[in-house]
Amino acid sequence: MLQHAHNPIDWRPWSNEAFAQARALNRPILLSIGYSTCHWCHVMEQESFEDMEIARFINEHYIAVMVDREERPDIDSLYMRAALLLNGKGGWPLTVWLRPDGTPFYAETYLPPRDGDRGMPMGLLSYLRIVSATYESQPEQIEQFASQLSQLLQQSTRHSPDSSTALPAAASLAQAAQYYQQNSDPFYGGLEGAPKFPSGLPLRFMLRYYLQGQDPGKF
């Protein structure tokens with residue numbers, strides 16, 4: 001949110017207030033999920049989120065919500081699964097259209113600002129206009145899409161090995177710690193290999209692992 005504070009878009013954090021305003025104004029939510037070291041997230045910010053025409057349309061027709069996937073991996077996981085179900089592919093930045101109750105009904109990843117940019121037939125502004133017009137003129141169609149996608153998400157969650165609410169076993173934590181130790185890059189930092197997209201999750205995990213007294217002699 002701090003990196004996007006200068007955008008002309010009225011970004012909101014993920015909060016009850018944002019959803020309450022969407023319900024009060026009967027507007028869809030435009031959810032953007034990214035992270036600070038994502039190249040295409042910065043490209044989309046510079047191309048689209050700083051564009052006054054696009055920002056004006058978003059502010060007038062949507063409630064815009066920004067989420068950092070490294071701060072809220074739970075939100076990212078849910079809506080990434082929705083994107084995979086819709087398109088068979090995912091990635092960041094993740095752009096998701098939601099009903100005011102948070103139910104997704106459409107998703108894309110990176111989008112250029114306008115039709116034809118970067119060789120893509122449709123740009124973000126066209127998507128924004130089409131979705132907004134459909135939301136206003138055909139709410140029953142949006143509700144149907146959202147309901148069908150919600151059912152698919154529930155089914156995928158029930159069959160997912162990650163759907164358990166149990167805490168990870170000690171052996172799983174030790175295996176993760178060993179992986180990060182063996183694949184750390186002592187020269188450049190982070191993990192070995194390319195591409196170099198730094199993530200704070202491994203570092204926070206290793207610090208918590210150490211503080212909990214798990215093999216402190218190895219750190």
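I looked up what covers the buried residues of helix α2: the list includes β1 (29-34), α3 (52-61), β2 (63-68), β3 and α5 (124-137). Helices (H or I, at least four residues) and strands (E, at least two) are DSSP runs, numbered from the N terminus. I took contact as heavy atoms within 4.5 Å.

The model is predicted; local features need pLDDT of at least 70, side-chain atom pairs count only at pLDDT 80 or more, and totals for chains, interfaces and linings use all residues. Residues are numbered from 1 along each chain as its sequence is written, and side-chain values use heavy atoms, with hydrogens and water left out.

Which residues of α2 (39-49) are buried? I noted Cys41, Val43, Met44, Glu45, Ser48 and Phe49. Buried means under 20% relative accessible area, exposed over 50%, partly exposed in between (1.4 Å probe, protein chains only).

Next, Thr103. I found Thr103 in the loop between β3 (94-98) and β4 (104-108). Thr103 counts as buried because its relative accessibility is 17%. Its side chain makes a polar contact with the side chain of Asp101, at 2.9 Å. For that I used a pair of N or O atoms within 3.5 Å; within protein, one must be able to donate a hydrogen and the other to accept it, and residues adjacent in sequence count only if both atoms are side-chain atoms. Leaving out residues up to four places away in sequence, Thr103 touches Trp97, Leu98, Ala146 and Ser150.

Last, Arg69. The charged end of Arg69 sits over the ring of Trp92, 4.0 Å from its centre. Arg69 also lies over the face of Tyr35, at 5.2 Å from the ring centre. The cut-offs: NZ of Lys or CZ of Arg within 6 Å of the ring centre and within 35 degrees of the ring normal.
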